[in-house]
Every structure is written in structure tokens, then in C-alpha cells.
Amino acid sequence: METKQCDEITEMVCLVSDLQDGQMKEVEVDLNKILLVRNNGEFTAVGGLCTHYGAPLIKGALVGDRVRCPFHGACFNTKTGDIEEFPGLDCLPKYKVKVEGGKVYVTTDKKKLKKRVKKMSGRVPGVSHTVVLIGGGPASLQCAETLRQNDYEGRIIMVTIDEQLPLDKTKLSKAMNIEIEKVLLRQNDFLQEHGIDVWTKKEVKSVDTEAKTLTFSDGTNQHYDQLLISTGGRARPLQCPGAELENVKLLESYKDATEIHQMSAGNKAIIVGTSFIGMEVAAYLSDKADSVTVIGSSKFPFQSSLGPDIGKMTMQMLKEKNVKFYTSNGVAEIRGENRKVKEVVLKNGEVLPADIVIVGIGVIPNSNFLKETSVEIDSRSAVVVDKFMKTNIPDVFAAGDVVSFPLPLVGHKRVNIGHWQLAQAHGRIAGLSMLNQQVVINTVPYFWTMLLGKSIRYTGYGEGYTDIVFKGSTEERKFLAFYIKDEEVVAAASLNFDPAVARLAEMLLMGKRITKAQAQSDDLSWLQLP
């Protein structure tokens, strides 16, 4: 049955008896995919596709009034549609539900919006209070939007050394020739409408926290009332003779991605590093470069983070695409001609011809510009913050890859983790803290990597794990891996095993203890997988 009224369409989508409490169902009204949820006898309906990359939420994990995306871990309130955990910036549209005569009806409007932007204020003329956000990444953008969502009326200035507005940099190692429009997180019109100034190609040289002034590399100054340090990290450079040659590239910006794509096409590409950036770039270039060779210091890719079995599997996947590996090795020297790379000398003495060398061997927090300040920096150059993302200096906050923050999952031990989702979570907490809304950082790390169309999901904090328990197998490329420390599950990774990692993330967030015995058991009913 379908009824139409003005711009609205109402359809009967199911019987009341079709859904039990705690269940969800994907329904369609006027070609709109909608997630229908029943909780405590009440039906609610929200958009059925995640606002991050459009994943079907029906395949995710439902816990109470919250659904977690199976792909990348974003969470939404199923009553309001509001985004509660990242990645992604926008909320789900919410739809009217009516129950009548044992039938459930959902009403949509003609706009067919897949996303809903939270109500945001703009700058009010005459309000001089200024928040400056150093860095153009997800932490800065989320902080700015959080301020406007909570009626902040002052000036917001985002300062970035990048040439572009804030980008989805996670795509740059997976689709290196992507058009700029497809990676912008927000369009310029949106930022202007909400009074978020973005100063591109601008580098902060120093900070005077007493005078509350920033000095830029071009000699100009800017006063702030509150400051966010969200400068992220820079790629660790290669330390060897020849590392300064023109065709030795780091992947830090949109321009870098474009240049690597262009310089690798039809040429011999050598990638140094077998972690996430190196492996994603190798996968991307496998059908574009003349040859792709990967050099890694460990025996397998991802050996310390995901373990040797998953590493071996990813290596095999890339070998099937003719990618060559030199593991337990390193670069001794890069030789060139006319300032351009010609060959790479390995530590074992082998010489490999090369037209371009791409380096992905880790990240260093960008905190050098704070050296002359009293802002607390740890031994690894990360800015130290508390559970409200405050530094030790009043009105100075920090967020994202540059910080060391207390993670509830490990008893509030301070950690430095470079996950996209965490940077957004930090930015939100920092924005609320600036407005004196004391909300504590409480999030479970969630990460993904994409290799040749296969996505490995990861949640938790596995550092120091002593054992891995597998369900399924890496040989079949369908598995769930539990990382064990002190007889407990501290993290999990999966491939083709959704929504296991999303479900586990919710359990970890709720503080549920999962034992090694549970992980080893053939009975996984405790995970409540569909």
C-alpha cells in the first residue's frame, strides 16, 4: 500500500510480527534504502547507508539504539540518526514510522537525502573571540564543526600547510589518481556558510602561549583565544646515501599522490616499507607500473601489527599481481644520474634498477614548532593531552596523530595512534572542551586497510599481544583473528567476516571482558553474529 501527500510517500514495509526487539531490517520506500529497527516494542527508521562510504548498515552491528557500520566502524543512533562515532561527518536522515493494524508504515520525502548535516551556526559579527586550529586534517575539521554545532559564535581559523581544503587522505594511498573533488571532506561554500576560515599554504613557525600569538613562516602573526594543535605526522624520511634524489618520494599530500601515480606509470617502482602505506601503494601500482618491488625490514608485511599469518597472506595476494618482495632487508644506497634514481642497492648487496622509490617507513608527530614553548611533549615527539584533549597549557588543546592521549581500553595508559577515526573523535572532544563541556574521550580504535579490493578491518589496541587465535583461515582469505594479551582479547582483525569486528568494537567499548577461552571456543554465540 502506498499513499502520497505533497512531497511525502508512505508505504507499508512489514508486519509488526516480522521484527522482534533488538532486530533490524532493510526496507525500501520510493527507492530509498531505510534501516528499520525495533527496540522495546518501538519501531524507528533511519537512512540505511552509512554516511562515510555508503556501506549497508543492515550488515553492521546493532547494540541497543546504536548501529555500527561493518566497514569502517562509524556509529549512528537509530532513534535520531545522529552520528555517534566516526569516521564520516554527517548524520543519517530520520523517517516517520506509524504502526497500525499490525502493520508498519514508513514515510519518506521526495528529497531522497542519504545524509543529514547537523544544524550548525555561523560566525556572529562583533564577536571577537577566536579559535585557531593548526592543521587541515579530520581532527581540525571535526573540532570546527563541533564548535558550530554547539552554537559557538566567534571566529574559527584553520591553518594548514596543504594546498587544498581538508581532504580524505585515507584515499590517497588507495586511489592515487583520484580527482580532487572526490576527496574534499567539505566544499568551500559549506565552510564559508558556517564561518570556518581555511588558510592554505600557511605554516606555523612558533607559538607564544603567554601572549596567545602564532607566528607564521611568512612573518605574519595571529592572535588566538583558544588553540588546537592538530598538525598530524610527517612521513619518516629514508636515511641513506641518495635519499635526496628527485625521484625518491614520500606520500604526504594530494600532490605527492598525483606525482607518484604519474612517475610510476610504465616505470620500475620500488617501495620501501611493508606497513599500511607501502602495501596499499604497492597494490595500487601493481597494474600500472612496469614492475613493483617492495623492500621490508621484517620477514612479512604487517608483522608486528597484524602478525605473520596475515602478513604472509597479503604478501601472497600481491605476488599474484607480480609484485616482488625483498624481506628481512633494507636500502643501503640509492644511486642516481642527473639527480634522478637509477638503482637501489640493498643491504644484502643486491642491486635493483629503479625509476622511482616510494618510502613508507613510519610517521613522526609534527611538534617541532612547539620546541620553544612549555607545551609538554613526550620522548616520541607527541603532544601530551588529558582525557579532555587539554595540554598542560591553559586554552591549548591538541588532537589527532600528533597527540599521546589516555586510552580507556588500556586503563588510560597514554598512547599515540594514527587512526583517522580517532583523529575525528579527538577533534570532537577538543571542541566540546573549548566550550567547557567536560566530555571524556571514550572510543575504541578502529582501522581498515584496502588491498586489491579486499578490506581488512581492525579494532582494539593490540600492542604487546602474545598470541593470535584464528577463526576461518588466511589461506581461504576469510578469517577472524583475536589478539590475546594476559589471557584476554585486546584486539581483532578480519577479512570477509563482517560484522565480527564491528560487534567486537561495541563489546570492548562497553568494557566487556572477552577471554582467550571464549576466542578459542567453537561456539561464537557470544559475538551474536547473524
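**Aromatic rings in a predicted model**

Biologist: Is Phe 482 buried or exposed?
Modeller: The relative accessible area of Phe 482 is 0%. Buried means under 20%, exposed over 50%, and partly exposed in between (1.4 Å probe, protein chains only). So Phe 482 is buried.

Biologist: What kind of model is this, and how are residues numbered?
Modeller: This is a predicted model: local features need pLDDT of at least 70, side-chain atom pairs count only at pLDDT 80 or more, and totals for chains, interfaces and linings use all residues. Side-chain values use heavy atoms, leaving out hydrogens and water, and residues are numbered from 1 along each chain as its sequence is written.

Biologist: How many aromatic pairs are there?
Modeller: Rings of Phe, Tyr and Trp (its six-membered ring) pair if their centres lie within 6.5 Å. Planes under 30 degrees apart count as stacked, over 60 as edge-to-face and the rest as tilted. The number of aromatic pairs is eight.

Biologist: Which geometry do Tyr 465 and Tyr 483 have?
Modeller: Their ring centres are 5.0 Å apart. The planes stand at 75 degrees, so the pair is edge-to-face.

Biologist: Where does the charged end of Lys 202 sit?
Modeller: A charge sits over a ring if NZ of Lys or CZ of Arg is within 6 Å of the ring centre and within 35 degrees of the ring normal. At 4.8 Å from the centre, the charged end of Lys 202 sits over the ring of Phe 216.
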